[in-house]
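Visitor: I have a model to look at and a few things to ask about it. Can we go through them one at a time?

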Amino acid sequence: GKGEVVLAMCVLGDTAIEEGYLSEEKFMLLTESTGKKIREDYPLFVSSIQLSNESVSRASENSRCSQIIVALSKGMK
């Protein structure tokens, strides 16, 4: 479900950034592009994971995981 996808994206992002595979900026761009691909290819999934505008506005700027979720949601809009 939704929780597993969020956890996987956060762990993937932390690993990619901390091990130097991608910069945080590039990972966020990749995450947004992933959201667009999900929107195009898996539209039924989008409705179950996309954040509301209120949730996006409350996302912590200091939490990488929160920002990953925001980038994914942004791509799915």
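Visitor: Does cysteine 10 count as buried or exposed?
Guide: This is a predicted model, so the answer describes a prediction. A residue is called buried when its relative accessible area is under 20%. Cysteine 10 has a relative accessibility of 6%, and therefore counts as buried.

Visitor: Which residue does cysteine 10 join through a disulfide?
Guide: The structure holds 1 disulfide. Its sulfur atoms lie 1.7 Å apart, and the partner of cysteine 10 is cysteine 65.

Visitor: How many residues apart are the two members of the pair?
Guide: The disulfide in question joins cysteine 10 to cysteine 65. Cysteine 10 sits in helix α1 and cysteine 65 in helix α5, so the pair links distant parts of the chain. The separation is 55 residues.

Visitor: Why does cysteine 65 count as partly exposed?
Guide: Partly exposed covers the range between the buried limit of 20% and the exposed limit of 50%. Cysteine 65 falls in that range because its relative accessibility is 26%.

Visitor: Which residues does serine 73 touch, leaving out those up to four places away in sequence?
Guide: Serine 73 is placed in helix α5, residues 64-76. Serine 73 is buried, with a relative accessible area of 1%. With residues up to four places away not counted, its contacts are Gln50, Leu51 and Val56.

Visitor: In which helix is confidence lowest?
Guide: The mean pLDDT of the chain is 89, and 97% of its residues reach 70 or more. Confidence is highest in helix α2, at a mean of 94. The lowest mean, 82, belongs to residues 43-49, which form helix α3.

Technical notes: Residues numbered from 1 in each chain as written. Predicted model: local features only at pLDDT ≥ 70, side-chain atom pairs only at ≥ 80, totals over all residues. Heavy atoms only, no water. pLDDT = per-residue confidence, 0-100. Helix = DSSP H or I, 4+ residues; strand = E, 2+ residues; numbered from the N terminus. Buried < 20%, exposed > 50% of the residue type's maximum accessible area, 1.4 Å probe, protein only. Contact = heavy atoms within 4.5 Å. Disulfide = S-S within 2.5 Å.
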